[in-house]
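Welcome! Please take a moment with the sequence and the model below before reading on.

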Amino acid sequence: HRNYTDEERGARIRTGRKWQRPPAVEKAFHLLTKGDIILDYGCGKYQTLVRRLRLMGYVADGCDLSMPWHWPREGLRFASWPFTERTSPGTGYDVVIASNVLNVQPSHDHLAGVFDELRRLSPRLLIFNYPNSPRKLDITARKLRELAGYYLKGYTLEHAFYGSGTLTVATEKIAMPRREK
């Protein structure tokens, strides 16, 4: 299992997540390529996934809009809102990961906004999950897959079911030229 601090472990337990298991989005890590620049959209206070990605050798940023601050912490940094540094044409993120983000959106408008933002932030690869619990909206996994198809036109969607929800990987249909590294 991962090396979590006592504070991180306590926070994960309080949110009802089983900290002993890796996040569902890690099932899609085989799709990451060397040199990818990755954004963990909804990284949470401890940026656990950002740390893991950096240990794996990736350039990774984290952002969590529920927190009113964005500052470096233990060598990690939050992307600044509204993501101006890496989001001009040709300089965006290669991959955006949204782990346990869609399920906590308070309204359909917020959910649509998250899909729009994910699409804007990475035209190449989106990885997100939709756990069975908790869910703030009464939307089934099937309905969410339909909404993803609607909001993520131009992407090929692959859905995989796991014990506690659905994992979705969205890849661009037409290969875009990769920016120079």
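Predicted model: local features only at pLDDT ≥ 70, side-chain atom pairs only at ≥ 80, totals over all residues.

Let's begin with strand 1, which spans residues 37-41. This strand is mostly covered, as 5 of its 5 residues are buried. In a regular strand, side chains alternate between the two faces of the sheet. Here both faces of strand 1 are covered. I37, L39 and Y41 lie on one side, I38 and D40 lie on the other, and all of these are buried.

Now for the neighbours of strand 1. Strand 2 covers residues 59-63, and strand 3 covers residues 95-98. The table sets out the two pairings.

| Pairing | Sense | Bridges | Residues standing opposite |
|---|---|---|---|
| Strand 1 and strand 2 | parallel | 5 bridges | D40 and G62 |
| Strand 1 and strand 3 | parallel | 3 bridges | I38 and V95 |

Is D61 buried or exposed? With a relative accessible area of 1%, D61 falls under the 20% cut-off and therefore counts as buried. The side chain of D61 has a polar partner too: a contact of 2.6 Å links D61 to the side chain of Y93.

Conventions:
Residues numbered from 1 in each chain as written. Heavy atoms only, no water. Helix = DSSP H or I, 4+ residues; strand = E, 2+ residues; numbered from the N terminus. Buried < 20%, exposed > 50% of the residue type's maximum accessible area, 1.4 Å probe, protein only. Polar contact = N/O pair within 3.5 Å; in protein donor to acceptor, adjacent residues only side chain to side chain. Pairing = 2+ DSSP bridges.
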